[in-house]
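I opened this model to look up a few things and wrote them down as I went. The entries follow the order in which I checked them.

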Amino acid sequence: MKISIIFLLGGLGLSAWAQAPAASGAGSRLRDMIEEGRPVKIACFGDSVTGVYYHTGTRRAWCDLLGLALRRIYPQARLEMINAGVSGNDTGDGLKRMERDVLRHSPQLAIIMFGLNDARSQSPATYRKNLGTMVRRVRDAGAEAMLMTPNAVGPDDPLRPPRIVAEYAQIMRDVGSDLAVPVVDAYATFAVIQGADPATWRRLMSDTIHPNMRGHRIFAEETAQAISGRFVSLAELPALKPGLPFVLARL
């Protein structure tokens with residue numbers, strides 16, 4: 001089944017219309033917990049597209065925005081968002097740190113988004129196997145798993161040709177289908193925007209592979225919809241607190 005999705009890209013003054021596969025939602029148990037205001041931990045597990053880096057201003061990324069989106073849908077939600085994104089990681093690296101960075105927190109949901117580094121470092125068979133192992137570890141820990149395909153990339157990175165990234169996105173879809181795991185198809189969304197209006201796609205990107213904050217809004221909006229079954233716009237975001245106290249506290 002396909003659905004029509006209208007993305008209102010805040011700050012661009014533009015709208016992009018896309019035909020993208022509908023993501024099957026998270027389990028009703030998780031939604032009930034969020035809706036009832038019970039404590040819920042959500043771990044966002046991936047590489048530099050998930051982690052908080054300069055591409056989005058070093059302050060927040062789609063993991064934090066997902067928490068914001070869910071709180072707008074469920075005002076009573078008690079969420080703890082765990083960002084487990086590390087730059088340069090592929091699924092092999094992720095497996096090595098999965099216990100420390102994800103499972104020890106005992107999340108109710110783990111969202112797995114790897115692929116851009118695997119496309120240059122792991123064979124398709126290894127990528128498929130590693131994703132399956134991640135899903136099984138999440139389930140064995142009593143949590144729900146969700147997959148997110150990597151975003152579409154530009155044509156200028158010889159290490160990640162678009163056709164290879166597309167292949168790895170399809171592998172993730174196949175793993176989701178085989179293991180009955182919901183898949184948020186970020187690749188399809190970014191690819192449709194890129195094909196329809198390259199200028200709009202470039203405004204979603206920090207470089208040829210990393211989305212900027214506008215792109216991360218799309219990640220969060222789509223994931224929130226996959227979890228809740230409801231769309232919420234992140235065109236308007238609350239202002240961040242002053243940067244200097246934040247830096248001093250981190251130090």
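Entry 1, strand β6. I looked up β6 in this predicted model and found it mostly covered, with five of its five residues buried. Buried here means under 20% relative accessible area, exposed means over 50%, and partly exposed lies in between (1.4 Å probe, protein chains only). Helices (H or I, at least four residues) and strands (E, at least two) are DSSP runs, numbered from the N terminus. Which residues cover the two faces of β6? Glu144, Met146 and Met148 lie on one side and Ala145 and Leu147 on the other, and all are buried.

For the record, residues are numbered from 1 along each chain as its sequence is written, and side-chain values use heavy atoms, with hydrogens and water left out. Because the model is predicted, local features need pLDDT of at least 70 and side-chain atom pairs count only at pLDDT 80 or more, while totals for chains, interfaces and linings use all residues.

Entry 2, partners of β6. I noted four bridges joining β5 to β6, which run parallel. Isoleucine 112 has leucine 147 of β6 as its bridge partner. On to β7: two bridges join it to β6, again in parallel, and methionine 148 has valine 184 of β7 as its bridge partner. Two strands are taken as paired if DSSP finds at least two bridges between them.

I traced five strands in an open sheet, in the order β4-β3-β5-β6-β7, with parallel pairing. β4 (78-85) and β7 (183-184) stand at the edges with a single partner strand each, so one side of each is left without a neighbour in the sheet. Strand β3 (residues 39-46) pairs with β4 in the parallel sense over eight bridges, and alanine 43 stands opposite isoleucine 82 in β4.

I then checked what packs on the sheet. Helix α1 (residues 28-35) touches β3, β4, β5 (109-113) and β6 (144-148), and its direction makes about 125 degrees with that of β3. Helix α6 (residues 162-179) touches β5, β6 and β7, and its direction makes about 155 degrees with that of β6. Contact means heavy atoms within 4.5 Å. Axes are lines fitted to C-alpha atoms, for helices over the stretch in contact, and angles run from 0 to 180 degrees between N-to-C directions.

Which residues have the most contacts inside the largest nonpolar core? They are Ile42, Leu66, Ile111, Ile112 and Ile227, in a core of 76 residues. Helix α2 (residues 62-73) gives the most to this core, with eight residues. A nonpolar core is a set of buried Ala, Val, Leu, Ile, Met, Phe, Trp, Tyr and Cys residues joined through side-chain atoms within 4.5 Å. Not counting residues up to four places away in sequence, isoleucine 111 touches Ile42, Ala43, Cys44, Phe45, Trp62, Leu66, Met146, Met148 and Thr223.

I compared the length of α9 (residues 213-228) with expectation: at 1.5 Å a residue, its 16 residues should span 22 Å, and its end C-alpha atoms are 22 Å apart, which agrees. The expected span is 1.5 Å times one less than the number of residues. Of the 16 residues of α9, 14 are buried, so the helix is largely enclosed by the rest of the structure. Asparagine 212 caps its N-terminal end, with a side-chain oxygen 2.9 Å from the backbone nitrogen of arginine 214. Glycine 229 follows α9 and has a positive phi, near 80 degrees.

Threonine 91 lies in helix α3 and is buried at 0% relative accessibility. The side chain of threonine 91 makes a polar contact with that of asparagine 130 (3.0 Å). A polar contact is a pair of N or O atoms within 3.5 Å; within protein, one must be able to donate a hydrogen and the other to accept it, and residues adjacent in sequence count only if both atoms are side-chain atoms.
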